[in-house]
Amino acid sequence: MFPPGTAIDVAAAGQAQQVPAFTGRITQPGATQFSLTMPDGSRPNILFAINKSQDYQVTWSGPTAGSKVVAELIQNPDNNRSVTLECVFDGARGNGTLPATLLSKFQNSNGTTGLGSFLVGPAVTSTVKQGAWDISMIGISGGRNGSATLQ
């Protein structure tokens, strides 16, 4: 949505007795070669299965030393809530693990119901400390997205 190098200012009013008001800034990661290898990123539409009782390995190539890669899995089991797993990895490492202990918190998919949305790509992160809260802001650029069945 934002070109690489774009500075994005974030401001939120907060909510009484919830997350306090905060401001922060992230700058979208620069252009980088990024290739998702697991799940297979060569396909135009990525649909893959995750066994929630096992760690799930994500692999990629392209990012260099000092870079980050974020893998995000989101499931909306009903209209009132969502379950999100977001992991930040050293981009140059080329792989990361979504732990079974956290994947087990997702519900099983049933046909097209309960599919998870998956996003992985080069990223920048910034954390704002506001009272007792550590608020993370993440910008992802040039990644891949898809869907996952969860069993």
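**Before starting**

This is a predicted model, in which local features need pLDDT of at least 70 and side-chain atom pairs count only at pLDDT 80 or more, whereas totals for chains, interfaces and linings use all residues. Residues are numbered from 1 along each chain as its sequence is written, and side-chain values use heavy atoms, with hydrogens and water left out.

**First stop: the whole chain**

Followed from the N terminus, the order of elements is β-β-β-β-β-β-β-β-α-β-β-β. The radius of gyration, taken over C-alpha atoms, is 16 Å, close to the 15 Å that the globule rule gives for 151 residues, so the chain is as compact as a globular protein of that length. That rule is 2.2 Å times the number of residues to the power 0.38. Along the principal axes, the C-alpha atoms fill a box of roughly 40 × 40 × 25 Å.

Next, show the surface. Its accessible area is about 8,600 Å², and 49% of this belongs to carbon and sulfur atoms; the values come from the Shrake-Rupley method with a 1.4 Å probe, and for residues only the protein chains shown count as cover. Of the 151 residues in the chain, 34% are buried, where buried means under 20% relative accessible area, exposed over 50% and partly exposed in between (1.4 Å probe, protein chains only).

**Second stop: the nonpolar cores**

Select I50, V58, L73, L98 and V120, which have the most contacts inside the largest nonpolar core, a set of 22 residues. Such a core is a set of buried Ala, Val, Leu, Ile, Met, Phe, Trp, Tyr and Cys residues joined through side-chain atoms within 4.5 Å. At least two core residues come from each of β4 (46–50), β5 (56–61), β6 (68–78), β7 (81–90), β9 (116–130) and β11 (144–150). The most is given by β7, with four residues.

Now centre the view on V120. Beyond residues up to four places away in sequence, V120 touches F34, L36, V58, V69, V70, A71, G143 and R144; a contact means heavy atoms within 4.5 Å. Then select I8, F22, V128 and I135, which are included in a second, separate core of six residues.

Select S109, in the loop between α1 and β9. Is S109 buried or exposed? S109 is buried, with a relative accessible area of 8%. Setting aside neighbours within four places in sequence, its contacts are Q75, G114, L115, A148, T149, L150 and Q151.

Move on to G114, in the loop between α1 (100–103) and β9. G114 is buried, at 17% relative accessible area, and it touches Q75, S109 and L150, not counting residues up to four places away in sequence. A distance label from G114 to T149 reads 7.5 Å between C-alpha atoms, although 35 residues separate them along the chain.

**Last stop: T6**

Finally, select T6, in the segment before β1 (7–12). T6 is partly exposed, with 24% relative accessibility. Residues up to four places away in sequence aside, T6 touches I26, T27 and Q28. From T6 to R93, 87 residues apart in sequence, the C-alpha distance is 26 Å.
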